[in-house]
Amino acid sequence: MKNLDPRRARWIRIRMGLLCGLMALGLGGVVSGAYRIEVEDGDAWYDLAERQRQRRLHITPKRGTIYDRNGAPLAESVEVPSISVDAVEMLRGIEEKYIPMRIQQYAERIAEALSLPVEDVAEKLGRRRRFAWLKRRVSEQEVENIRALMDRKQRYPVRGLVIEGEGRRFYPNRELAGPLLGFVATDGEGKEGIELSLEHELRGNAAEVRGLRDRSGRLIFSEGIADEHALAGHNVHLTIDKGIQFTAERELDAAMKTYEALGGSIVVVDPENGEILAMASAPGFNPNDYSTSDPASRRNRCVVDRFEPGSTMKIFSIASALASKSVSPSATIYCEEGRMAIDNVVIHDTHIHKWLSLPQILAQSSNIGTAKIALGLGEQRLYEGFRRFGFGDLTGVPLPGESVGVLRPRGRPWVQVETAAASFGQGISVTTLQLAMATAAVANRGRLLEPILIKRITDSTGVTLAEPSPRVRRDAIPAHIARLMSEMLVAVTEGDGTGIEAAIPGFRVAGKTATAQKVDPATGRYTDTHYVASFVGFVPAERPRLAIAVVLDEPMGGTYAGGSVAAPVFRRVGEMALRYLGVTPRGSVPMKLSEVADPSEDIAANTYQVLSEARAAAPPASAAAAAPSAPLRSGELRVPDLTGLPQREAVKSAASLGLDPSVEGTGRLTRQEPPAGTVLPKGSPLKLIFEPPT
């Protein structure tokens, strides 16, 4: 630069400055752009990159299984193949002008393989989407056809087809308990029945799984599911017994065909704990093929349908009257020789009688006798009695669409004729489940239980999450009134009672028939051609194991009476269920009505009276006491063997020795705690357990 002309050197310096300035500006622009991309817009560009290289799949967990009480599956999920298409992958590398022709060619081949309309397949391919269902839940042959199209050994393989495993709800017992279970739709959501009401428990938790795509868009998983069990739905164990359910549905279907009935329902309950052993509704449907079924056949008539119960309500009318002491158990009622006018209505009896006792009113199903008892009880107390038995209220069973029935229309009190009609089941409506639970309350010493349908809920590893226990809603009637009603109801199935067709050989059956007229919707009046036939009862009468309600809607075929139509169904279902449960006949010796009817036979009062008499008399020790085999200390005694003694004698003997007896049950002594021969201090408690002679 020193040897150059000063003007030229200055010009060179100017050009170098300009060049450096331009380079600095360029570098500044690059840095500024990089800053904007990396810092200011970095999140947006990162998301774009992630969307391009990643795929997100929503994983639907396996739906929980529904079991019966013994672990037999009633509904389970199985994996079946479905066909989807990635149209972008299928058309990759094809020139744009040839794409319409290739779409048509591929559509024809795929449509032939899957037996689909060509137009539908072409329309889905024309959208050029990454995912689209072609056909869901395909057959094995269709899977083989798709595999043949995808085979790379052929000249023109079809790319982008995917065979995916998809969960499908399967009901291995076909129509068994269909209306109770409901079904699962194609979208995986439960519809109707248990599938709907326990959707949250059964469905599980959906999860999103991320993965990487290769240059062709194919998914390469980079993340798996941390815990498959955390996603799976819970398993539901019902109280339903598959064997009893099958028998109930078989007998109900046979009765439906025999008597050409419109519909029917059966509920079988364990009266001791309220567990529902069977809930049958007819006509039914096959949940595996629900799309071809009539919506009416998917209705669970046991909880949805309400009907006028007829004479079965006489049980609860008379029980309420006895509990309120408005009528005596030994009373006789004048039944007006079969015809009685109330206001502007005439009440008739099918069987004409003058005087009838309470058991005869039930056995002969006298409307007039029951109406007089109800009028003596009063409108308000009769209504309250029905409510104590659970009528006019939800039972609480976890099923959708449960009806509460109707007691008082529009909530107003009954007038006199309505009170009389309600006492024998007209002008009110109930459900089959309500009838079954109210009958079970009579069988269970007057305690109304909540029905239990869900025995327990477990997770996919078998851990129990919930296990409902029996719960008493209220005491409907006192225990001694319940025992009295049991003996009265046995008369219905014996002798000339209306329910003799329900009698089971070797067992005493307590029950009640009903033949209720239906209201004609066109006229608003009762019709003489359409009826609801029903029978409710429990067996064995002394120690009930089953409470059963049978209802048939509009039976024809020459007869419609509950004693002829519904009672035989009760007998066949009860007979099978007792054998199935291992209950053997123990005879059918009746108890004396006076024993169960007399309020003085209350256990607590009777025990107190006997103890007072024994302590006052202070007689020598009972001969029933066992001779001591070893010397006793002062103040000690050996427990005698009192087995087989009646209640009064057993209590008197124990008290005379200086023991403090407590009583459980009625009849004769079958067990004592502590057992005979035990050495105890005087004044020790002795538990005496009695059972009826039967």
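Helix H4 (residues 99–114) and helix H6 (residues 140–150) pack with their axes 8 Å apart, at an angle of about 155°. That makes H4 and H6 roughly antiparallel to each other, a label given to angles over 145 degrees. What you're looking at is a predicted model, where local features need pLDDT of at least 70, side-chain atom pairs count only at pLDDT 80 or more, and totals for chains, interfaces and linings use all residues. Residues are numbered from 1 along each chain as its sequence is written, and side-chain values use heavy atoms, with hydrogens and water left out.

**The H4 and H6 pair**

- On the H4 side, Arg109, Ile110, Ala113 and Leu114 meet Glu142, Asn145, Ile146 and Leu149 of H6; contact here means heavy atoms within 4.5 Å.
- The residues of this H4–H6 contact split into five nonpolar, one polar and two charged.
- For those groups, Ala, Val, Leu, Ile, Met, Phe, Trp, Tyr, Cys and Pro count as nonpolar, Asp, Glu, Lys and Arg as charged, and the others, Gly among them, as polar.
- Axes are lines fitted to C-alpha atoms, for helices over the stretch in contact, and angles run from 0 to 180 degrees between N-to-C directions.
- Helices (H or I, at least four residues) and strands (E, at least two) are DSSP runs, numbered from the N terminus.

**The five-strand sheet**

- Five strands make an open sheet in the order E12-E11-E23-E22-E21, with antiparallel pairing.
- At the edges sit strand E12 (275–282) and strand E21 (510–519), each pairing on one side only.
- From one strand to the next, the twist averages 10°.
- Strand E22 (residues 526–539) and strand E23 (residues 546–553) run antiparallel and are joined by eight bridges; two strands pair if DSSP finds at least two bridges between them.
- Phe535 stands opposite Val550 in E23.
- Helix H18 (residues 479–490) lies across E21 and E22, and runs at about 75° to E21.

**Helix H11**

- H11 has 18 residues and reaches 26 Å from its first C-alpha to its last, close to the 26 Å expected at 1.5 Å a residue; the expected span is 1.5 Å times one less than the number of residues.
- Among the buried residues of H11 are Ile244, Leu252, Met256 and Tyr259, where buried means under 20% relative accessible area.
- The buried residues of H11 pack against E11, E12, E23 and helix H19 (562–581).

- Leu262 is in the loop between helix H11 (242–259) and strand E11 (263–270).
- Leu262 is exposed, with a relative accessible area of 51%; the cut-off for exposed is over 50%.
- Leaving out residues up to four places away in sequence, Leu262 touches Met256, Pro283, Arg301, Asp553 and Glu554.
- Ala282 is 20 residues from Leu262 in sequence, and their C-alpha atoms are 8.5 Å apart in space.

**Strand E3 and its partners**

- Strand E2 (residues 66–67) and strand E3 (residues 73–85) pair in the antiparallel sense over two bridges, and Ile66 has Ala75 as its bridge partner in E3.
- E2 and E3 form a hairpin with five residues between them, and Gly71 in the turn has a positive phi of about 90°.
- Ten bridges join E3 to the antiparallel strand E5 (residues 161–170), where Arg169 is the bridge partner of Ser77.
- E3 is also joined by three bridges to strand E4 (residues 132–135), again antiparallel, and Ser84 has Trp133 as its bridge partner in E4.

Definitions and conventions:
Buried means under 20% relative accessible area, exposed over 50%, partly exposed in between (1.4 Å probe, protein chains only). Angles under 35 degrees count as roughly parallel, over 145 as roughly antiparallel, 65 to 115 as roughly perpendicular and the rest as oblique.
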